[in-house]
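Q: Please give a close look at one part of this structure, for a reader who is new to it.

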Amino acid sequence: MAKVVIFGVLDTAELAHFYLTHDSEHEVVAFTVNQEYLKEVEFKGLPVVPFETVETIYPPQEFKFFAPMTGRKMNKNREKVYLDAKAKGYQFISYISSKATLFNNEIGENCFILEDNTIQPFTTIGNNVVLWSGNHIGHHGQIRDHVFFTSHVVLSGHCVVDSYCFFGVNSTIRDYLQIAEGTLVGMAAAVIKSTEPWGVYMGNPAEKKPVPSHKVY
């Protein structure tokens, strides 16, 4: 059992606390946020400490870290916290729901995988990936680092998802596609061909929009 510090005090951090407390072997001992956002010294009955000095209070030799943040700025915010905490010397846990279906898949660190996800055989998942509830992740695929799936996304077999991608609710990805770095797939979009970097794809069939994804989300 690891003692864990969670980054954040908003909804996603509260959910992470709930899942880790009720469905993991880990013990949450504290929360941390950047000093400028530190409004309260306690959350969920636990201390909240400045991220700038968290390693002096909860040293990385004794505590592990979890940063289950949203996909804002195409996952760049979550990547920054992830890299900053690594620079402080922390090791990360991943949370994988006991109600998710896996087949000995290789899954990286700081992943947040909720209930009712099906991850088929021979698919790997990188670091700092969020799979919200109810997704189908097809076989023989690869999801790279810093990716966010919302809910009820269907990623068909043999797909490669590059870093910083974001998938909206009920989106569908055809098999054998390359989803390029920074792709944003809109709600209910049906992607039937490989995407271009930092593109926004909406509709059925999905079409690329003129605005880049980093200016949308």
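A: The side chains of His139 and His140 are joined by a polar contact of 3.0 Å (a pair of N or O atoms within 3.5 Å; within protein, one must be able to donate a hydrogen and the other to accept it, and residues adjacent in sequence count only if both atoms are side-chain atoms). The model is predicted, with local features needing pLDDT of at least 70 and side-chain atom pairs pLDDT 80 or more, while totals for chains, interfaces and linings use all residues. Residues are numbered from 1 along each chain as its sequence is written, and side-chain values use heavy atoms, without hydrogens and water.

His139 lies in the loop that links β11 (136-137) and β12 (142-143); these strands are DSSP runs of E, at least two residues in length, numbered from the N terminus. With a relative accessible area of 33%, His139 is partly exposed, a term for values between buried (under 20%) and exposed (over 50%), computed with a 1.4 Å probe on protein chains only.

Which residues does His139 contact, leaving aside its neighbours within four places in sequence? They are Gln120, Pro121, Thr123, Gly157 and His158, where contact means heavy atoms within 4.5 Å. One of these partners, His158, is 19 residues from His139 along the chain, and their C-alpha atoms are separated by 6.2 Å.

Elsewhere, helix α3 (residues 76-87) has Arg78, Glu79, Val81, Tyr82 and Ala85 buried. The cover over these buried residues includes β1 (3-7), β5 (64-66), β10 (130-131) and β13 (148-149). On the other side of α3, Lys80 and Ala87 are exposed.

Terms used: Helices (H or I, at least four residues) and strands (E, at least two) are DSSP runs, numbered from the N terminus.
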